[in-house]
Amino acid sequence: MTAATDALAWVVVAAFATSALIDAASDDHEAVRRYAAVGAWAVFGLFWGLLIEHFLLVQQSLIEGALAAAAVPACLYTAYLVASGRKSLATLTRAIAVMGLLYIPFQTIEPLRRWAILTTTHHAAWIMGQLGYHPAIETATSYHGYPAKFAFHGTNVVTGEPWGFPTTVLLACTGIGSMSIVGGLVAAVDAPMRRRLRALGVAIPLIYGMNLVRVVFIAIAHGNQWFGGDVIEGVVFALFPTDNPNRVSYLFADRVLAQSLSVVVLVVLTLALLRIVPELGGVIEDVAFVLTGNEYDITGRFAGDR
């Protein structure tokens, strides 16, 4: 993300928070709340639009790029639903505000970002040590100068010369994004605090633990060049703008396997949390309506008895 998108992110959070505060203040401000929500969703669409190029070209992430591209029309359609009165989506709007308040500080405040990245790096290094892998931890000069780069060394598969296979821990590798999504959803619903805290007590450690497994897998797979061969190379070269065979293991492990599984795991975890906080079903049903235009009884299907 750039300074411009960081600043816009704060604007997005402020817009959603303003709408949520107006909604909580009084029912007499329905028109004001509606227009505030419409503006928030429209700006949110702009925000994702500005990130498409970053995800596709800088991060070389087709999944994140596709999700960002899909988010643009989804946000604009949500703004239309709210403006037309077809759906108030007040809880979803409130959830986005909380998600932003949880995530954006880590994106824009240096001490928080450094703490999250270094904590993840140290825990992942410990796990790799237990598995018998001991990569050097070097300073990632291209990313804020944190000592957050796992350095494996091997041989260039083309020239036979010594080659480094480093994996740098970024903010996206810390799980903060997924934790913010779940935290925002749980905090936004109207449910007893005891059940909401229980859901967070289950979800947050689980997300962090699974994220560490993801980081360890990517670093070891790239460092030891687990993936190769004509088929996998063909897939990677077709999907990503590279012809470097030394990048195949990293791109396949991270951009193809890990990111795909992360989306699936987050969806499954959110549905599982319905057993603890059935009220989450209403928010998920709103999201499903935005995406498909159809009504679904997700609460009845997945929540079961409390």
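The model is predicted, so local features need pLDDT of at least 70 and side-chain atom pairs pLDDT 80 or more, whereas totals for chains, interfaces and linings use all residues. Residues are numbered from 1 along each chain as its sequence is written, and side-chain values use heavy atoms, without hydrogens or water.

Helix 4 covers residues 90–108, helices being DSSP runs (H or I, at least four residues) numbered from the N terminus. Its buried residues (under 20% relative accessible area; exposed is over 50%, partly exposed in between; 1.4 Å probe, protein chains only) include Ile104, Pro105 and Phe106.

The whole structure contains 10 aromatic pairs. Rings of Phe, Tyr and Trp (its six-membered ring) pair if their centres lie within 6.5 Å; planes under 30 degrees apart count as stacked, over 60 as edge-to-face and the rest as tilted. Two of the stacked pairs are tabulated below.

| Pair | Centre distance | Plane angle |
|---|---|---|
| Phe44 and Phe47 | 6.3 Å | 10° |
| Tyr77 and Tyr80 | 6.1 Å | 25° |

Phe44 and Phe47 are three residues apart in helix 2 (residues 30–58), about one helical turn. Phe44 is buried at 12%, and Phe47 is buried at 8%. Tyr77 and Tyr80 lie three residues apart in helix 3 (residues 62–84); Tyr77 is partly exposed at 27%, as is Tyr80 at 46%.

Notes:
Helix = DSSP H or I, 4+ residues; strand = E, 2+ residues; numbered from the N terminus. Expected span 1.5 Å × (residues − 1).
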